[in-house]
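Subject: Structure handover

Dear colleague,

Here is the structure I said I would pass on. My notes on it follow below.

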Amino acid sequence: MADNKDMPMGKAQVDFICVEEGCNGQVVFKLADCAGDGEFQALCPKCHKPYVLDGALQDKLRKLNNLILALREAEPILGACNVVVATPGGETKVPYALLLTRLNTMLTLQLGDKNVDFHLWIEPASPETFR
Ligand SMILES: [Zn+2]
């Protein structure tokens, strides 16, 4: 597995629960690791079932990775943007960048013949975004 320590990214990782009967292992990998051109394989840490991402799935994750890279790019601007959320107590301004990191996007993708919920965890590249 390639290590992308040199990439100027915060953490963006993907996890999903192993589809093997009775396993419930949590398969975790870095989004950047599976966004390359080569075949990517993730291993279940519990039952060691290998998950080879097919081309279409990898393509989706690559697009997600591109989106995150674009968000990183825009972080200095996004840090200054607010989203106004209506609450019972009135309107609350939420910094856009903060909202993104709290979204922890869930994506349901087909893995073989099963639908698997992928969780995407994003952390901002710089903690200063939230000062
Ligand atoms: Zn497993």
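What is the order of the four strands in the open sheet? The order is β2-β1-β8-β7, with antiparallel pairing. Two strands count as paired if DSSP finds at least two bridges between them. Strands (E, at least two residues) and helices (H or I, at least four) are DSSP runs, numbered from the N terminus. The edge strands are β2 and β7 (106-111), each of which pairs on one side only. From one strand to the next, the twist averages 30°; the angles run from 0 to 180 degrees between N-to-C directions, and the axes are lines fitted to C-alpha atoms, for helices over the stretch in contact.

Before the details, two points on the source. This is a predicted model, in which local features need pLDDT of at least 70 and side-chain atom pairs count only at pLDDT 80 or more, while totals for chains, interfaces and linings use all residues. Residues are numbered from 1 along each chain as its sequence is written.

Overall layout

The protein chain has three helices and eight strands, and along the sequence they follow the pattern β-β-α-β-β-α-β-β-α-β-β. Of its 131 residues, 16% count as buried. Buried here means that 20 or more other C-beta atoms lie within 10 Å of the residue's own; exposed means 12 or fewer, partly exposed is in between, and C-beta atoms are placed from the backbone. Two residues are in contact if those C-beta atoms lie within 7 Å. Among contacts between residues at least 6 apart in sequence, 47% join residues at least 24 apart.

The sheet, pair by pair

β1 and β2 pair in the antiparallel sense over five bridges. Within this pair, Phe16 stands opposite Val27, and Val14 has Phe29 as its bridge partner.

Val28 lies in strand β2 (residues 26-30). Val28 is partly exposed because 15 other C-beta atoms lie within 10 Å. Not counting residues up to four places away in sequence, Val28 touches Gln13 and Asp15. Val28 and Ile17 are eleven residues apart in sequence and 8.8 Å apart in space, C-alpha to C-alpha.

Core and α2

The largest nonpolar core has 18 residues, and those with the most contacts inside it are Ala12, Val27, Leu31, Cys34, Ala35, Leu61 and Ile68. Such a core is a set of buried Ala, Val, Leu, Ile, Met, Phe, Trp, Tyr and Cys residues joined through C-beta atoms within 7 Å. The elements giving two or more residues to this core are β1 (12-17), α1 (31-34), α2 (55-78) and β8 (114-122). Leaving aside neighbours within four places in sequence, Ala12 is in contact with Lys30, Leu31, Ala32, Ile68, Leu120, Trp121 and Ile122.

α2 has 24 residues and reaches 32 Å from its first C-alpha to its last, close to the 34 Å expected at 1.5 Å a residue; the expected span is 1.5 Å times one less than the number of residues. A kink of about 40° lies at Arg72, shortly before Pro76. The bend at a residue is the angle between axes fitted to the seven residues ending there and the seven starting there. Leu61, Leu64, Asn65 and Ile68 are buried in α2, and what covers its buried residues includes β1, α1 and β8.

Two loop residues

Most residues other than glycine have a negative phi. Asn24 is not a glycine, but its phi is positive at about 60°. Asn24 is found in the loop between β1 and β2 and counts as exposed because it has 12 C-beta neighbours inside 10 Å. His48, also not a glycine, has a positive phi of about 60°. His48 is found in the loop between β3 (41-43) and β4 (50-52), and with 11 C-beta neighbours inside 10 Å it counts as exposed.

Regards
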